[in-house]
Protein chains: 2
Amino acid sequence: LKLNVVVAEAALELVPTELQRTTVVRNDSLRRGVNPSRMLLDRSFHHVAMLKLKDDFKRGRPDIVHATLLSLTSTPLYLDGFVTVYVHTHGDIVLEIKEGTRLPKSYLRFRGLMEKVLSEGGGEGLITMRKATIRELLKDIQPDWVCGLSTQGVSMSLEELSGKVIARKNPCIMIGGFPHGHFSSETLKQVDELVRIHSRPLEAHVVAARLLYVIEKRIEEKRTND
Amino acid sequence: LKLNVVVAEAALELVPTELQRTTVVRNDSLRRGVNPSRMLLDRSFHHVAMLKLKDDFKRGRPDIVHATLLSLTSTPLYLDGFVTVYVHTHGDIVLEIKEGTRLPKSYLRFRGLMEKVLSEGGGEGLITMRKATIRELLKDIQPDWVCGLSTQGVSMSLEELSGKVIARKNPCIMIGGFPHGHFSSETLKQVDELVRIHSRPLEAHVVAARLLYVIEKRIEEKRTND
């Protein structure tokens, strides 16, 4: 099993050109001593400027991406090399977290790393960056099953879902990396199955932690039975 | 069931007096425009100054506390009011996160909140603060079982552990809120059972996510069987 996890439509991007001259962005830039074009868009600071943006409610939440990536990369499954982690952003940029990469646990260091990667097109070999839609990313991954997790999906227990995952060789699970709303229609077109794993909507980092835990348990059980 | 979770000996504190005049702390203070006495100690920035501190390897990691609190407070069990969350710090301060409190997901906002709470002795009713050792905290909680999670404990599956938890009325689980090392002897004296839940050492936020997930499942199963 090689599990691919895509944090899809992630709310991670540099401040878009049209917001770089707004007051809140310029103040934040002065305070931080960083050029607006090299800063992450962050709802915590740029809220007022973001109201004019298209899809603003799905954007500018690097904290969500950070928490989700930490949930994924702190698991035994990831540390043992079973999981490849991708971030697909709202703006169709794909970051691949190379196996063995230890991401910064400190948010400020994570922000610095993401600003470097997105401004300079890569991060010292640990993280690669390219322009790609979900469709193009999946063409590269060549998964034998694509499952999207969404409150709009068919209810299924994590145990059942995990059984389906470990029955495949190269499955791909997509977790939404945004605070509100649903996958776009372009993303939904790429999904073989859309699954809902809880009666409540869950945050992406909670989904990530649970998913990898239950898959880990299933792999262990299978090993014991074999 | 009312589950008490204590993030114990958490690496959360204001910059101690003896470090407030060091170069790294003063530079950080100037950059942020915050008085050193009101800043969180943070290894990411104060590493050089921290080397002189007692137990330095267990201190100055507010990111760990943030990630662990988000893992705990984003779960359905917490949101449904089954869990009371406490932070007991290395310096014997206890924060109680009042039921229903939504902690900031943005680290910078969390840092601001913690600096306010620790400097001013409380946080707008959502978080209470007092001086208390683990022993004094447990006197207040009056738990019917105290379980510490540690790699030094007896191996037990999370399923088995969860069974023990839900058999109690007012259990207390302690998760270490520090990056390295083990519970202090004072903490260990308060523990009824010391349990290891994985062959690997796991980060506190991973432990928190798994623990609450498995307990949630056990409660659901119990409800279905009743």
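Colleague: Where in chain B does Gln142(B) lie?

Modeller: Gln142(B) sits in the loop between α6 (134–141) and β6 (145–155) of chain B. Helices (H or I, at least four residues) and strands (E, at least two) are DSSP runs, numbered from the N terminus. This is a predicted model, in which local features need pLDDT of at least 70 and side-chain atom pairs count only at pLDDT 80 or more, while totals for chains, interfaces and linings use all residues. Residues are numbered from 1 along each chain as its sequence is written, chains are lettered from A and ligands numbered from 1 in the order in which they are written, and side-chain values use heavy atoms, with hydrogens and water left out.

Colleague: Is Gln142(B) buried or exposed?

Modeller: Exposed, with a relative accessible area of 59%. Buried means under 20% relative accessible area, exposed over 50%, and partly exposed in between (1.4 Å probe, protein chains only).

Colleague: And what is its phi?

Modeller: Gln142(B) has a positive phi of about 55°, although it is not a glycine. Most residues other than glycine have a negative phi.

Colleague: Which strand holds Glu9(B)?

Modeller: Glu9(B) is in strand β1 (residues 3–10) of chain B. Its phi is also a positive value, near 50°, in a residue other than glycine. Glu9(B) is buried, at a relative accessible area of 5%.

Colleague: What does Lys58(B) touch?

Modeller: Not counting residues up to four places away in sequence, Lys58(B) touches Glu9(B), Ala11(B), Phe178(B), Pro179(B), His180(B), His182(B), Phe183(B) and Ser184(B). Contact means heavy atoms within 4.5 Å.

Colleague: Where is that lysine in the chain?

Modeller: Lys58(B) is in the loop between α2 (43–50) and α3 (62–73) of chain B. Its relative accessible area is 7%, so Lys58(B) counts as buried.

Colleague: Switching to Val195(B): buried or exposed?

Modeller: Buried, with a relative accessible area of 1%. Val195(B) belongs to strand β8 (residues 193–196) of chain B. Leaving aside neighbours within four places in sequence, the contacts of Val195(B) include Cys147(B), Leu149(B), Val154(B) and Met156(B).

Colleague: How many Å separate the C-alpha atoms of Val195(B) and Ala49(B)?

Modeller: They are separated by 35 Å, and the two residues are 146 residues apart along the chain.

Colleague: Now chain A. Where is Asp42(A) found?

Modeller: In the loop between α1 (23–32) and α2 (43–50) of chain A. Asp42(A) has 6% relative accessibility and counts as buried.

Colleague: Why do you say the copies meet through the same surface?

Modeller: Because 100% of the interface residues of chain A are also interface residues in chain B.
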